[in-house]
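This report is meant for a reader meeting the structure for the first time. Please keep the sequence and the 3D view at hand while following the text.

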Amino acid sequence: TNNIFFHITSLSFFNLLVIALEEKIITSKPGDNATLSCIYQGEELHLKNLRVYWQIADDQEECSVVHALISGQDNESEQCIHFKNRTRLFWDRLETGDFSLLLLNVSQSDKHRYKCVVLQRTEYTRVIHQAEVVLRLAASYSQPILSGPIRNSSSTEEEVTFSCRSGNGYPEPNVYWINKTDNTHLPPSELKISHHADGTYSVFSTLKVKATSNMQIECSIENRILRENLSANYTQQKQSNDSSTESHKNLEKSRRSAQAAGIISVVILIGFLVGLACWLQRRRSSTLVSYTGNE
């Protein structure tokens, strides 16, 4: 969402210029590089006549200079120590009006409102462009992995433990355990949030509850900045149904195999009886012929 508002800059005692100041919000992951946009669309520019300042617009900051370009050269004399060797302009784009700033290896301390001011010096120095960029940090968490117990008995009084883990996210998440049978929230038995060197977080949580015959448990990981909710579910009833279905399939398969074996056995038996009957018939005929001849 971009918001446009107006800033009035005094150029001289008698001259005022109204400049549209565009504000953008960008989101970066800790450890990544972020590009702060500042693009001027106007007349042709000459770098030797320009001054470009990137600064922190937050009033409470003691040092506000992020990057400065004066007459076509980087000027580091007033740059804040925190930004030393961490900022770059895109030199091949400057004369086309692209004064965007590349901020390297962003961290939590870089969350600020940044302001880009472009001044042009001709007969007098005037502001020709301004832009503001709000940099926020956020990273999506991985899909939660929910581990639940496998019920080996029909007892409903045993205590069972679920575990849920997720990682590589920012900022610290909200973790919810939910009983889906009535949508009530359950307090976690353990909640451990770890902060990694790259600035991201991982979370591990456990839940202990009394087992029931139709347990439906959900673990939800919320990222409030990105407004993301990732969840994983464990449904005991579903597992029971799956197991029952698999058993039914195996039983049906065994039944069909038994039927096939029975049919084959009957066919073999019939064949044997037919063969035996033919043999007996031939033997009887042979005996009858011999007897007639003797007479």
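Serine 163 has a relative accessibility of 18% and therefore counts as buried, a word that stands for under 20% relative accessible area, whereas exposed stands for over 50% and partly exposed for values in between (1.4 Å probe, protein chains only). The model is a predicted one, in which local features need pLDDT of at least 70 and side-chain atom pairs count only at pLDDT 80 or more, while totals for chains, interfaces and linings use all residues. Residues are numbered from 1 along each chain as its sequence is written, and side-chain values use heavy atoms, with hydrogens and water left out.

**The sheet around serine 163**

Serine 163 belongs to strand S12; strands here are DSSP runs of E with at least two residues, helices are runs of H or I with at least four residues, and both are numbered from the N terminus. Leaving aside neighbours within four places in sequence, serine 163 is in contact (heavy atoms within 4.5 Å) with Ile145, Leu146, Ser147, Trp177, Phe204, Ser205 and Thr206. One of these residues, serine 147, stands opposite serine 163.

Strand S12 is part of an open sheet of four strands, which follow the order S11-S12-S16-S15 with antiparallel pairing. The edge strands are S11 and S15 (190-195), each of which pairs on one side only, and the twist from one strand to the next averages 10 degrees. For such angles, axes are lines fitted to C-alpha atoms, for helices over the stretch in contact, and the angles run from 0 to 180 degrees between N-to-C directions. Two strands are said to pair if DSSP finds at least two bridges between them, and the table lists the pairings of this sheet together with one further pairing that is discussed below.

| Strand pair | Bridges and direction |
|---|---|
| S11 (residues 145-147) and S12 (residues 159-169) | three bridges, antiparallel |
| S12 and S16 (residues 201-210) | nine bridges, antiparallel |
| S15 and S16 | six bridges, antiparallel |
| S13 (residues 174-179) and S14 | three bridges, antiparallel |

Valine 160 stands opposite valine 209 in S16, and glutamate 190 has threonine 206 in S16 as its bridge partner. In a regular strand the side chains alternate between the two faces of the sheet.

**A second sheet of four strands**

Another open sheet of four strands has the order S14-S13-S17-S18, again with antiparallel pairing. Strands S14 (184-186) and S18 (228-235) stand at the edges with a single partner strand each, so one side of each is left without a neighbour in the sheet. Neighbouring strands of this sheet are turned against each other by 30 degrees on average, direction ignored.

**Aspartate 58 and its surroundings**

Which residues does aspartate 58 touch, not counting those up to four places away in sequence? They are Lys111, His112 and Arg113, while aspartate 58 itself lies in the loop between strand S4 (50-56) and strand S5 (65-70). Its side chain forms a polar contact of 2.8 Å with the side chain of histidine 112; a polar contact is a pair of N or O atoms within 3.5 Å, where within protein one must be able to donate a hydrogen and the other to accept it, and residues adjacent in sequence count only if both atoms are side-chain atoms. The side chain of aspartate 58 also reaches the backbone nitrogen of arginine 113 at 3.4 Å.

Aspartate 58 is buried yet has no salt bridge, and the nearest side chain of opposite charge, that of arginine 113, is 4.9 Å away. A salt bridge requires a side-chain nitrogen of Lys or Arg within 4 Å of a carboxyl oxygen of Asp or Glu; Lys and Arg count as positive and Asp and Glu as negative, while His and the chain ends are not counted.

**Other loop residues**

Asparagine 85, in the loop between strand S6 (73-74) and S7, has a positive phi of about 60 degrees although it is not a glycine, and with 64% relative accessibility it counts as exposed. Asparagine 105, in the loop between S8 and strand S9 (113-121), likewise has a positive phi, of about 50 degrees. Arginine 93 is found in the loop between strand S7 (87-89) and strand S8 (101-103), and its relative accessibility of 35% makes it partly exposed.
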